[in-house]
Amino acid sequence: MELMVNDDPAMVGDVNIYMNDLADPQLAEIEIMIAEPKSRGKGLGKESVLMMMGYAVQNFRIHVFRAKIGASNGLSLSLFQKLGFKETSYSEIFKEVTLELAVMEQKQEELQQLLGSVVTHA
């Protein structure tokens, strides 16, 4: 999903999910990038991650989300921790933190409510 602000045709970043765990097809890795510095710190990352998670839960029955974030990326680590993700491992080789969030009933309802309030454009 590409991120744009106020129908501005310039893309500010993207959010992606990858369902590539053959042992668990309901596990998805999620990532976000706000590439445009002037668009950071405005809540776009949080809103986009939550929308993508809601979409994945509703359409693909995802039950666990995983995020791999560079240890030096404090803003991204903070964002995912505020969303309820918990650290599950650390890779010394890649200097990367792995966080996960299990989608329990309460979180699933929260994500579905969020999707119900999203304005989509055709």
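The expected span of a helix is 1.5 Å times one less than its number of residues. In this predicted model, helix H1 covers residues 44-60, and its 17 residues should therefore span 24 Å. The end C-alpha atoms of H1 are 23 Å apart, which agrees with that expectation. The chain as a whole has three helices and six strands, arranged along the sequence as β-β-β-α-β-α-β-β-α.

**Whole chain**

- Of the 122 residues in the chain, 35% are buried.
- The chain exposes about 8000 Å², and carbon and sulfur atoms supply 51% of this area.
- Taking contacts between residues at least 6 apart in sequence, 52% join residues at least 24 apart.

**Helix H1**

- Directly after H1 comes Arg61, with a positive phi of about 55°.

**Helix H2**

- Helix H2 runs over residues 74-82, and Ser76, Leu77, Leu79 and Phe80 are buried in it.
- Viewed down the axis of H2, these buried residues fall within an arc of 160°, so they line one face of the helix.
- An α-helix has 3.6 residues a turn, so residues three or four places apart point the same way.
- Leu75 and Lys82 are exposed, and they sit on the face of H2 turned away from its buried side.
- Gly84 follows H2 and has a positive phi, near 105°.

**Helix H3 and Glu110**

- Helix H3 comprises residues 105-116 and contains Glu110.
- Glu110 has a relative accessible area of 38% and is therefore partly exposed, since that class lies between the 20% limit for buried and the 50% limit for exposed.
- Glu110 and Gly54 are 56 residues apart along the chain, yet their C-alpha atoms are separated by 8.4 Å.

**Salt bridges**

- Side chains of opposite charge can pair when their charged atoms come close.
- The whole structure holds two salt bridges.
- One of them joins the side chains of Glu100 and Arg66, with an N to O distance of 2.7 Å.
- Glu100 belongs to strand E6 and Arg66 to strand E4, so this pair ties together parts that are 34 residues apart in sequence.
- Glu100 counts as partly exposed, at 23% relative accessibility.
- Another salt bridge links Glu92 with Lys95, whose closest N and O atoms are 2.4 Å apart.
- Lys95 is partly exposed as well, with a relative accessible area of 43%.

**Thr98 in strand E6**

- Thr98 is also a residue of strand E6.
- The relative accessibility of Thr98 is 9%, so this residue counts as buried, the cut-off being under 20%.
- Leaving aside residues up to four places away in sequence, Thr98 touches Arg66, Ala67 and Lys68, along with Lys86, Glu87, Thr88 and Ser89.
- Arg66, one of these contacts of Thr98, is also the salt-bridge partner of Glu100.

Methods: Residues are numbered from 1 along each chain as its sequence is written. This is a predicted model: local features need pLDDT of at least 70, side-chain atom pairs count only at pLDDT 80 or more; totals for chains, interfaces and linings use all residues. Side-chain values use heavy atoms; hydrogens and water are left out. Helices (H or I, at least four residues) and strands (E, at least two) are DSSP runs, numbered from the N terminus. Buried means under 20% relative accessible area, exposed over 50%, partly exposed in between (1.4 Å probe, protein chains only). Contact means heavy atoms within 4.5 Å. Accessible areas come from the Shrake-Rupley method with a 1.4 Å probe; for residues, only the protein chains shown count as cover. The arc is that of the directions from the helix axis to the C-beta atoms. A salt bridge is a side-chain nitrogen of Lys or Arg within 4 Å of a carboxyl oxygen of Asp or Glu.
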